[in-house]
Amino acid sequence: MNLRPAQAADASSLAALSIEVWLGTYIRNGVNGFFADYALTQFTPERYRAWLDDPDEHVIVSMNADGIDGFARVSSGKTAPLDPRSTMELSTLYVQPRHHGKGIGRALLEASLCHARPTGSPSIWLTTNAENMRAIGFYRSQGFERIGTTQFQIGDQSYPNEVFRYSF
């Protein structure tokens, strides 16, 4: 495993990995047009290029011999839905499912915390789908505390998300 800051050339790989992980995690009973349209419009190389050019976004990738197998994105200036003091968000932490259990997620999380710690924010926050028990268990095991629930919107539909905080 090799961690490094993401580069503009990584944008298409980040988009493809995001589609793979998001669909595999949240769409369990078949892909319909509603969720396909969401994934194909949200996880685009152009969107990742914009994040990589944004000084408030920090993206770290995990590389293996063949390419990117995971990444984390930390966003600064994002106020937590339930804690206005926290302005650092762990926006994304994705690892390809076939690479789960190899320590990639833990390494990406630690690199994210190392990036966020010196910013002066008292904590870093994140949201995850309330049904994503694997992620919830992982974040709790890494010292995150659940501070409440918010809603994730896709069009006119909303889905409960758990809000977690890690205090520095």
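Contact here means that heavy atoms lie within 4.5 Å, and by that rule Phe43 is in contact with Ala15, Ser18, Ile19, Trp22, Tyr38, Tyr48 and Tyr94, leaving aside its neighbours within four places in sequence. The structure is a predicted model, in which local features need pLDDT of at least 70 and side-chain atom pairs count only at pLDDT 80 or more, while totals for chains, interfaces and linings use all residues. Residues are numbered from 1 along each chain as its sequence is written, and side-chain values use heavy atoms, with hydrogens and water left out.

**Salt bridges**

- Counting a side-chain nitrogen of Lys or Arg within 4 Å of a carboxyl oxygen of Asp or Glu as a salt bridge, the total comes to 10.
- Arg4 pairs in this way with Asp10, their closest N and O atoms being 2.8 Å apart, and Asp10 counts as buried at 7% relative accessibility (buried means under 20% relative accessible area, exposed over 50%, partly exposed in between, with a 1.4 Å probe and protein chains only).
- Glu46 and Arg49 form a salt bridge at 3.9 Å between the closest N and O atoms; Glu46 is exposed at 52%, whereas Arg49 is partly exposed at 36%.
- The side chains of Glu57 and Arg73 meet in a salt bridge of 2.9 Å, N to O, and both residues are buried.
- Asp83, Arg85, Glu145 and Arg165 are linked in a network of salt bridges.
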